[in-house]
Amino acid sequence: MAALTSTRNRELFYLAVVGILTAVGFASVYIARRSLVSWDSLGYAIFFFALYVAAHLVARRAVPNADPYLLPMAGLLTAVGVTEIYRLGPSDAFKQGLWIVIGVVLFAAALLLLRRDYRVLEQYKYLFGVGAIVLLFLPRLPVVGQTVNGARLWVHVGPFQLQPGELAKVALIVFLAAYLREKREVLAQGRLKDLGPLLVIWGGCMLVLVETNDLGSGLLYFGIFLAMLYIATARLSYVVVGIGLFLAGGFVAYEKIAHVHERVTIWIHPWTTHKVFCPQTGGLALRQDCESYQLVRSLYSIASGGFGGAGLGKGTFVIPGHPPVQLIPYVNTDFIYSALAQELGLIGAAALLLVFMLFVARGMKIALQADDGFSKLLAAGLTFGFALQTFIIVGGVLRIIPLTGITLPFVSYGGSSIVANFLLLAGLLLVSHRANST
Amino acid sequence: MNKQISRISLFALLLLAALIVATTYWQAWAAPGLAARQDNAIERVAQFEIRRGLIYAADGKTVLANNVRRKSAGQNLYFRHYPTNGFASQVIGYSTQGRSRAGLERSENAYLTASNANLGTIWQRLTDRLRGATITGNNLILNLKVGPQRIAESALRGNCGAAVVLNPKTGAVYVMASSPSYNPNLIESNAGYASILKAPSACPGSSSALVNRATQGLYTPGSTFKTVTAAAALDDHVYGPDSGFYDPGYCTEYGQRISNALNPDQTAESYGNVNFLQAYEHSINAVFCNIGKALGAKRILDKAKQFGFYSKPPIELPSDEVAPSGLYNLQQHRLYDNPAIVDPGRLAFGQEHLLVTPLQMALVAAGVANDGRVMVPHLVKEVRSPGGSLVMKTKPQVWKQAMTPKTAAILNQFMQAVVTGGTGTQAQIPGIKVAGKTGTAETGRPHVYTAWFIFFAPADNPQVAGAVVLENQLNGFGGAVAAPIAKQLMQAILPGASKH
């Protein structure tokens, strides 16, 4: 009997629950849009279940004592994401499916490679640090770099579009965990000269912000850094100074960089009653018809969901006509949350956010259980990065903060994001297994 | 490190909890406001999956708006069609994908899309949704009468102006016409929309056919406003119906002479000794100027407010398609309410920055007709479910108590005198006692007037009341150009009125 309730068996049980939910999700999309999609859609559910069972089997072998909730929750989030992406455009869902396969393969590889002791990563910390910086500046390179939606975050290699910033996030967390574990005693003394690294990283983040025109990534990296610094040193003053520096930098960026200025203006005044200058057309227009139409339509999408939502497959994302017009550009990446909120309503959106909260709670529990500094910092850093990224994109969509285009972990369409988050998941499971094995 | 990790966890969870709070805000709290916004394309498109309710004229048979079904991306979409091609266009309005909605299509959208909160409709919508059936909206039956509305529209054609006719006892609006008009079927396409905007018009400068002149058009009321001034004087017992006045042909205000209307020989009319009725019957400005000075601007404006001035008449149209009447700052086009800076003599005969809507002046006449009570004007008679059962029926409701019944009875006599022997004789209908008041408002351009006629009939048991206004009338006096249209409308509606 004990074997039945073992950690991995529970994981398998939860995965089965997720499999059923996925099947129900695809079935409702199929029913709602019968004329447009085929029975093949149910194949997705079976395929995903098989994929996650494979991931489970690897976990069973490599990290038998790891937390049993994280993998099913990641499975649920990817399933919700791919169901909605499928509903928005079946061909994108196929690509997303491929990326999830790649993500699961890399997840399995990471578990198998590092199952003896992932702490070897500590020895390569500067490799990770340099790697993170290289990845971050890749989009700036002339041939491969690409500007999308005003921010330079993409790399184009052959048929692939990558957002290397996503992988840089994971690399940065590994580097910081190792670096801070080593330097924490020194930093904790709080001498002025030891503030050097803080300033270097602040400068780095500001550079990222300026170079990529992207407030969100800057906030994400700097937020992760401050959280990990605080965990390592217990000095709240660092956090206060850090936030002050970030606000100062952000203010300068607001003053000097047109793109950042525009994002903030849109955030504060998305609607105007009088016509204002419209940079896209060069003429005058109401701001909701010009710069902020994406945000405004996304808010309309969320609001129209109401309490119970339109139902999967029943939402409105296209203005019919010749040709039909997409209501919200980037709806399956940056704005996937507003699509989900319209179709699932407050009940569904809140449930989705609760899954994110549970994921964060489990991740932080692993950090608490781990017994060495590197493991604690790594688990807490990965989890906090996951939480902060969720907050930045959903908070942007909900107008809590200025909107910046980053992905919703596991849910948004995008290969690099899926891969990076599976590596993040592998890291958490590795730490969890080790903490539970001793 | 665990203490810090716990704190960071708490912080991270609070960040995510804030997202749930914000989602709740947008989906529960802010949702109705966003759904009502004109630029909400999602709401608009989603509503095209709903088969909107039909709109009928008062006969319950003439269809003013229906739907055309088209398939798009595997969905049934319903597009609006207006079979009458421009009957009461500004009142019905339009519902399009590209250009949002206007008129009753906008203000009664909840009924038309079955999203009103009546229990029967909610149940219907729920079962439709669970069955996957198309949601069908409720039908509107208006008070507009087909024949009289058509008469008003053709009488106004070629001019800019408006006509409103309603039942003074119930507030039911029988006619609401605004000229120039447009064909709502043209609104959706860019070319059609441009053709409406560019159509040549009788009143350059304020030509938009999209404007509902009956409720939004702001005009100088001229002498029709003497009705309000007289009501103020009678109600406050400053003058009685038998008060005598001397008319020298002018009135002196701030040391300057304000002349009466001119005789054909270019001398000012002068009536000498007259009583109150005669002053009203012949619309003598000099007498009303002195009455205004005696009353003061505040009393006149207070009386006007009792008639509904300074508030929007609570008719079923969208709030921004109804304008309040009152004193306007012409530069800023904004209402102001300060009797201290108004010339009471000129105010008394309806000049002096006073701007009114035809609907408001129809309500003034209706107030006199209905013993001093102004009823809430209603365009909608009833709302019925697609199956035909009654969802809502409009009940007559008092909006304002404008004056005492006694004052109303006196003014009734005054207004009858205008038609029997005064400035409004062209509104006479054999066998029916008609009451009315002309207005010929100065526009600032020589010999160009805004011509008015406000009326009700039969005077002993009023069934209709209304206002007709024509803009830009060269030497056109209210009694000569507006009164005949009013006569046609009364004849069309009143049973037993001879039609010749």
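Reader: What share of the residues of chain B count as buried, and what makes a residue buried?
Author: In this predicted model, 52% of the 500 residues of chain B count as buried. A residue is called buried if 20 or more other C-beta atoms lie within 10 Å of its own.

Reader: Why is Pro339(B) called partly exposed?
Author: Pro339(B) has 15 C-beta neighbours inside 10 Å. Buried needs 20 or more and exposed needs 12 or fewer, so Pro339(B), with 15, counts as partly exposed.

Reader: Where in chain B is Pro339(B) found?
Author: Pro339(B) sits in the loop between β14 (334-336) and α15 (344-348). The secondary structure of chain B comes to 18 helices and 22 strands.

Reader: Which residues does Pro339(B) touch, leaving out those up to four places away in sequence?
Author: Those residues are Ala297(B), Lys298(B) and Leu301(B). Contact here requires C-beta atoms within 7 Å. For Leu301(B), 38 residues from Pro339(B) along the chain, the C-alpha atoms are separated by 7.3 Å. That value is a C-alpha separation, whereas the contact cut-off applies to C-beta atoms.

Reader: How many residues does each chain put into the contact between chains A and B?
Author: Chain B gives 35 residues and chain A gives 49 residues. On the side of chain B, α1 (2-29), α2 (31-35) and α3 (41-47) each supply at least two residues. The most comes from α1(B), with 18 residues.

Reader: How do the residues on that side of chain B divide into nonpolar, polar and charged?
Author: The side of chain B that touches chain A has 23 nonpolar, 10 polar and two charged residues.

Note on methods
Residues numbered from 1 in each chain as written. Chains lettered and ligands numbered in written order. Predicted model: local features only at pLDDT ≥ 70, side-chain atom pairs only at ≥ 80, totals over all residues. Helix = DSSP H or I, 4+ residues; strand = E, 2+ residues; numbered from the N terminus. Contact = placed C-beta atoms within 7 Å. Nonpolar A, V, L, I, M, F, W, Y, C, P; charged D, E, K, R; others polar.
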